[in-house]
Amino acid sequence: MNEDINNMSREDLMYKIQGINFSLIELALYLDTHPDDRRAIYFHNQKANELRMLTEYYQKLYGPLTIQYPCDKWRWLEQPWPWEKGGNCSCGCTKKS
């Protein structure tokens, strides 16, 4: 990894995870039609390992990203829902007071 994840904000870390996840989906689609492309397979494996490392780091700090993450405490309700963040959520709606 080029960036020091220890200095990333929660939001930046989430954007990085989403970007790598998108890359993996695109690579999988490419590999469906080019299954013998060794460079693409190598890149896919690199990104898969990077995603695994980032998601584990994120989940240790902020809680689970998915229901499949093993945990010792049920943390889903500890974080605010998107509409509770005090402003615009990603869907474009606004919170009404």
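Predicted model: local features only at pLDDT ≥ 70, side-chain atom pairs only at ≥ 80, totals over all residues.
Trainee: Happy to. What percentage of the residues count as buried?

Mentor: Of the 97 residues, 21% do.

Trainee: And how many helices and strands are there in the protein?

Mentor: There are 2 helices and 0 strands.

Trainee: How do I read the span of helix α1?

Mentor: Count 1.5 Å a residue and compare that with the ends. Helix α1 covers residues 10–33, and its 24 residues should span 34 Å; the C-alpha atoms at its ends lie 36 Å apart, which agrees.

Trainee: Which residues of α1 are buried?

Mentor: First, the general idea. An α-helix has 3.6 residues a turn, so residues three or four places apart point the same way. Now the case here: the buried residues of α1 are Leu13, Ile17, Ile20, Leu24, Leu27 and Leu31.

Trainee: What do the buried residues of α1 pack against?

Mentor: Their partner is α2.

Trainee: Could we look at a single residue there? Where does threonine 55 lie?

Mentor: Threonine 55 sits in helix α2, which runs over residues 38–62.

Trainee: Why does threonine 55 count as buried?

Mentor: Buried means under 20% relative accessible area, and threonine 55 counts as buried because its relative accessibility is 18%.

Trainee: Which residues is threonine 55 in contact with, leaving aside neighbours within four places in sequence?

Mentor: Those are Ile17 and Leu65.

Terms used. Residues numbered from 1 in each chain as written. Heavy atoms only, no water. Helix = DSSP H or I, 4+ residues; strand = E, 2+ residues; numbered from the N terminus. Buried < 20%, exposed > 50% of the residue type's maximum accessible area, 1.4 Å probe, protein only. Contact = heavy atoms within 4.5 Å. Expected span 1.5 Å × (residues − 1).
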